[in-house]
Each structure stands twice: as structure tokens, then as C-alpha cells.
Amino acid sequence: MSILLADIDATCAALGYSDGQRYHAASDAIQGLKHLIWILRRDLDNHEYRRHLGCAKVLQTDLVYMLPDYVNDSDYADVLIRLLVILTNPTLLLYRDGPPRDNHGRKVFLELIDILQSYKSAFTRARLWSSLFDKLKESLEIVKSSSFLYDNLSNN
């Protein structure tokens with residue numbers, strides 16, 4: 001067992017907890033989220049770390065509960081959304097040459113697809129989507145106002 005697998009388990013356990021109403025992040029949860037991103041960027045060819053995170057169900061038990069409660073904290077929101085995007089990348093994007101042809105590679109490929117399909121039920125929470133909508137709306141308003149300023153400056 002890789003040392004990073006134990007590190008993933010420890011990091012996931014130290015993120016925080018949900019009491020059913022609100023997610024209570026640990027004081028160093030943002031560092032843990034950044035650490036998970038760091039680990040995923042150094043994943044092996046067999047995607048061992050991604051598969052381990054999928055089996056640990058950190059997305060279903062922590063990340064989708066954390067996002068609605070911390071979406072207004074820009075540091076948390078940026079790191080959380082980045083981690084969610086990395087974890088939910090389509091499996092074919094991980095394989096540049098198409099699906100593997102060997103038996104072991106095919107098994108890993110299918111396992112990654114199963115993990116992605118298990119994420120679907122976690123994204124059925126209305127509270128998650130309303131918080132993502134609010135964050136996107138805020139970002140688009142910033143872009144709109146900055147383009148308005150740019151247009152006014154360039155016309156003068």
C-alpha cells in the first residue's frame with residue numbers, strides 16, 4: 001500500500017463533518033483540499049489515487065456538503081470547485097489514446113467509470129446546485145461589470 005493512500009485517508013478524515021444541517025469544516029480543511037488536488041495531479045498511470053478517493057466516497061460524504069456552506073468563502077469555494085472538477089473529469093480525458101486494450105487497463109477504466117456514475121446521486125441535492133448557481137451568477141456579474149468598464153475606457 002502506498003504511503004499516499006494512507007495520507008489520502010488521513011486527509012479525508014480531517015476535513016470536517018456534517019451534522020445533517022451544516023458542514024463543519026476543520027480549521028485546516030482548506031489545506032487538506034489543496035493537498036488532495038496536489039495528490040491527484042501526481043496520480044499514477046493506473047489512477048490509483050483517483051480510484052482510492054472514489055472508493056472512500058469523499059465527494060459524496062464531504063465535498064457536496066461542504067460546498068453549499070462555504071460557497072461564500074472565496075478561498076474554500078475556489079479550491080472545492082477545482083477539486084470537484086478534477087474528480088468528475090470524464091474518464092476518456094484520462095486516457096489520451098482511447099480506452100485501454102489490455103485486461104488490467106480495461107478493468108481500471110471500467111472502475112473509474114463506475115466511480116463517476118456513483119457521483120451522480122451526490123449531485124441531486126438542490127442546495128448544491130443553488131449555491132453553484134449563485135457563485136456562477138456572481139462571477140458573471142464581475143465579468144459583465146469589468147467588460148462594461150473596459151468598453152467605457154476604450155471609448156474615451
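Does Arg42 count as buried, exposed or partly exposed, and at what relative accessibility?

1. Arg42 counts as partly exposed, because its relative accessibility is 44%, and partly exposed covers the range between under 20% (buried) and over 50% (exposed). The model is a predicted one, and this value is computed from it.

2. As to its place in the chain, Arg42 sits in the loop that links α2 (29-41) with α3 (48-56). Arg42 also belongs to a surface patch of positive charge, together with Lys34, Arg41 and Arg82.

3. Helix α4 spans residues 58-70 and is mostly covered, with eleven of its 13 residues buried.

4. For the protein chain as a whole, 35% of the 156 residues are buried. The accessible surface comes to about 9700 Å², and carbon and sulfur atoms account for 55% of that area.

5. The secondary structure consists of eight helices and two strands. Read from the N terminus, the order is α-β-β-α-α-α-α-α-α-α.

6. On the fold's extent, the C-alpha atoms fill a box of roughly 65 × 40 × 30 Å along the principal axes. Of the contacts with a separation of 6 or more, 69% join residues 24 or more positions apart.

How values were computed: Residues numbered from 1 in each chain as written. Predicted model: local features only at pLDDT ≥ 70, side-chain atom pairs only at ≥ 80, totals over all residues. Heavy atoms only, no water. Buried < 20%, exposed > 50% of the residue type's maximum accessible area, 1.4 Å probe, protein only. Helix = DSSP H or I, 4+ residues; strand = E, 2+ residues; numbered from the N terminus. Contact = heavy atoms within 4.5 Å. Areas by Shrake-Rupley, 256 points an atom, 1.4 Å probe, with all protein chains shown as cover. Patch = residues over 30% accessible without salt bridge, like charges linked within 9 Å, V, L, I, M, F, W, Y side chains within 5 Å. Salt bridge = Lys/Arg side-chain N within 4 Å of Asp/Glu carboxyl O. Lys, Arg positive; Asp, Glu negative; His and termini not counted. Charge placed at Lys NZ, Arg CZ, Asp CG, Glu CD.
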